[in-house]
Amino acid sequence: MKKLLIYLGIVVILFGGLYIVNQQSNKPSGADSKDYPYNPYGVAVSKLNPETVKQLNDPNYQNVILPADLDKRLKNKESFFQYFYASTCPHCKVTTPVLVPMEKELGLDVKQFNLEEFKEGWQKYNIQFTPTLVYYKDGVEAGRIEGGVPEGGSSSGNTPDMFKAFFQKYKG
């Protein structure tokens with residue numbers, strides 16, 4: 001009888017240890033939700049692309065829109081600017097810090113759609129390149145700029161002035 005209790009005790013301890021190890025492995029490594037107060041994606045931080053996680057606390061990526069909200073704006077025939085980017089896109093990482101201050105200066109509220117997290121957006125919104133800035137007039141696309149600001153002052157690509165002119169053209 002004493003041996004049976006010892007074996008039973010060992011089994012209970014082993015199962016308890018397995019439970020604790022399993023709970024620890026389900027936690028995102030080095031990333032706790034309290035570390036990212038702004039997570040608009042509706043999923044655990046551990047399920048996001050690592051590049052998206054890096055942007056959660058970046059002030060240039062604090063105006064994200066979800067697909068359902070974008071679809072609602074289009075269905076309601078709203079007029080607005082929409083910025084499509086991918087968190088893994090090197091051109092977006094150069095362009096976004098140029099556009100966000102410009103948007104604030106012009107008093108615009110430009111929502112950001114992360115194509116890395118919502119891949120269906122590529123086809124659904126006819127996006128060929130990132131970044132892409134689109135102006136929708138009454139829910140219908142009226143204009144777009146594809147591509148970003150070149151890194152290091154290269155002559156190919158869009159300039160900040162081109163983006164500013166695009167914003168001013170449709171700002172109203």
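Colleague: Is Asn-60 buried or exposed?

Modeller: First, the basis. This is a predicted model, where local features need pLDDT of at least 70, side-chain atom pairs count only at pLDDT 80 or more, and totals for chains, interfaces and linings use all residues. Residues are numbered from 1 along each chain as its sequence is written, and side-chain values use heavy atoms, with hydrogens and water left out. Now the term: buried means under 20% relative accessible area, exposed means over 50%, and partly exposed is in between (1.4 Å probe, protein chains only). Asn-60 is buried, at a relative accessible area of 19%.

Colleague: Which residues does Asn-60 touch?

Modeller: A contact means heavy atoms within 4.5 Å. Leaving aside residues up to four places away in sequence, Asn-60 touches Thr-96, Pro-97, Val-100 and Gln-112. Asn-60 itself sits in the loop between helix H2 (50–55) and H3.

Colleague: How many helices and strands does the protein have?

Modeller: Helices (H or I, at least four residues) and strands (E, at least two) are DSSP runs, numbered from the N terminus. The protein has six helices and four strands. Their order from the N terminus is α-α-α-β-α-β-α-β-β-α.

Colleague: What does the radius of gyration say about the overall form?

Modeller: The radius is taken over C-alpha atoms, and the globule rule is 2.2 Å times the number of residues to the power 0.38. For the 172 residues here the rule gives 16 Å, but the protein has 23 Å, well over that value, so it is more spread out than a compact globule. Along the principal axes, the C-alpha atoms fill a box of roughly 85 × 40 × 25 Å.

Colleague: How far apart are the C-alpha atoms of Gly-9 and Phe-166?

Modeller: They are separated by 72 Å, and the two residues are 157 residues apart along the chain. Gly-9 belongs to helix H1 (residues 2–25). Gly-9 is partly exposed, with a relative accessible area of 29%.

Colleague: What share of the residues is buried?

Modeller: Of the 172 residues, 39% count as buried. Among contacts between residues at least 6 apart in sequence, 63% join residues at least 24 apart.

Colleague: Now the strands. How do I read the side chains of E1?

Modeller: In a regular strand the side chains alternate between the two faces of the sheet. In E1, Phe-80, Gln-82 and Phe-84 point one way, while Phe-81, Tyr-83 and Tyr-85 point the other way. Six of the six residues of E1 are buried, so this strand is largely enclosed by the rest of the structure.

Colleague: Which way do E1 and E3 run, parallel or antiparallel?

Modeller: Two strands pair if DSSP finds at least two bridges between them. E1 and E3 run antiparallel, joined by five bridges. Tyr-83 has Leu-133 as its bridge partner in E3, and Gln-82 stands opposite Val-134.

Colleague: And which way do E1 and E2 run, parallel or antiparallel?

Modeller: E1 and strand E2 (residues 111–114) run parallel, with four bridges. Phe-84 stands opposite Phe-113 there.

Colleague: What should I look for in the backbone angles?

Modeller: Most residues other than glycine have a negative phi, and most peptide bonds are trans. Asp-138, in the hairpin turn, has a positive phi of about 50 degrees. Lys-77 has a positive phi near 55 degrees. Lys-77 lies in the loop between helix H3 (67–75) and strand E1 (80–85), and is exposed, with a relative accessible area of 58%. Asn-126 has a positive phi of about 55 degrees. Asn-126 lies in the loop between H5 and E3, and is partly exposed at 46%.

Colleague: Which peptide bond is cis?

Modeller: The bond from Thr-130 to Pro-131 is cis, with omega near -5 degrees. Pro-131 is in the loop between helix H5 (121–124) and strand E3 (132–137).
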